[in-house]
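Take a walk through this fold, one piece at a time. Keep the sequence and the picture side by side.

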Amino acid sequence: MSRVTVRRRTLRVTTGGSAPRADTLAVEEPLELRVDGRSLTVTMRTPGSDVDLAHGFLLSENIIGSREDIVTARYCAGTDAEGRNTYNVLDIQLRTPTPIRPRAFLTTGACGLCGKTALDEVRTRTRFPLPPDGPVIAAETLAALPDELRSRQGVFDATGGLHAAGLFTSDGTALAVREDIGRHNAVDKVIGWAVRENLIPAPDVILMVSGRASFELAQKAVMAGIPILTAVSAPSSLAVDLAAETGLTLAGFLRGNTMNIYTGDHRITVNDPIPAKSTPG
């Protein structure tokens, strides 16, 4: 299955005039997740790494705690007008059947939960409390992660339309990078990869995201036992509140040689100033 990008006709307008041309777009399609044959949720995503996405989502929702909790994850009935499998329905069989009541998942931005309720829910449900100290990462290494992430965004290069998430070690080594039309899906995909690799909880790993750090992304880091979340853009107020409550290190606005550390600065060593990045030419 390879439906990550498609070509569409567009009219390109510039100061020199207009002309028709083909443009490459990121694919967005629904993925229905079924657990033990019953529909659980539908998410809009970019096809690819769907099994990782399912593992990451189920871990974030505290439905599983490890890869051993899932017996199978396979595509099932879902066809287009020509009868071809759309690969848009994924059925997960749990090792131990778990009653799952329909509910508004915490990972949905419109879940309707108030701030205190959301914080209490995450704090009481997480299986993997964050370590009080490590890992420790140099601010200089942290500042280099956006470029490391960007260098692995192949589909973004073609479309300009995807978010990315990556897992890194404290020395800046990339473990996994995934792209998706939805930033929460990209995070689910890298966390799901870690679940399948038996790396959860991940007390020595840094999660880097290409956009902003919302509450749901901070929640996913906490639920996976990842102690450091960094973002190219800003965090939300509730993400900072959750980070403070749970001991998560949260850094935002990683741009060039600057950043804002909102919580958990004991995990980041700062040598003033961070060396400026050299510019080509």
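Two strands pair if DSSP finds at least two bridges between them. Strands are DSSP runs of E with at least two residues, helices are runs of H or I with at least four, and both are numbered from the N terminus. This is a predicted model, in which local features need pLDDT of at least 70, side-chain atom pairs count only at pLDDT 80 or more, and totals for chains, interfaces and linings use all residues. Residues are numbered from 1 along each chain as its sequence is written, and side-chain values use heavy atoms, with hydrogens and water left out.

Strand β8 (residues 163–168) pairs with strand β9 (residues 174–180). The sense is antiparallel, over six bridges. L167 stands opposite A176 in β9. Five residues lie between β8 and β9. In that turn, G172 has a positive phi of about 90°.

Now turn to the sheet. It is open and has four strands, in the order β4-β3-β6-β5. The pairing is mixed. β4 (38–45) and β5 (70–75) are the edge strands, and each pairs on one side only. Neighbouring strands are turned by 20° against each other on average, direction ignored. Such angles run from 0 to 180 degrees between N-to-C directions, and axes are lines fitted to C-alpha atoms, for helices over the stretch in contact.

Look at one pair in this sheet. Strand β3 (residues 29–35) joins β4 through seven bridges, in the antiparallel sense. There, R34 has S39 of β4 as its bridge partner. Helix α1 (residues 50–60) lies across β3, β4, β5 and β6 (89–94). Its direction is at about 115° to β4.

Which two rings form the aromatic pair? The structure holds one such pair. Rings of Phe, Tyr and Trp (its six-membered ring) pair if their centres lie within 6.5 Å; planes under 30 degrees apart count as stacked, over 60 as edge-to-face and the rest as tilted. The rings are those of Y75 and Y87, with centres 5.1 Å apart and planes at 90°, so they are edge-to-face. Y75 sits in strand β5, and Y87 in the loop between β5 and β6. They are twelve residues apart.

Finish with two helices. α6 (residues 215–223) and α7 (residues 237–246) pack at about 25°, with axes 8 Å apart. That makes α6 roughly parallel to α7 (under 35 degrees counts as roughly parallel, over 145 as roughly antiparallel, 65 to 115 as roughly perpendicular and the rest as oblique). The contact (heavy atoms within 4.5 Å) involves F215, A218, Q219 and V222 of α6. From α7 come L238, A239, L242 and T246.
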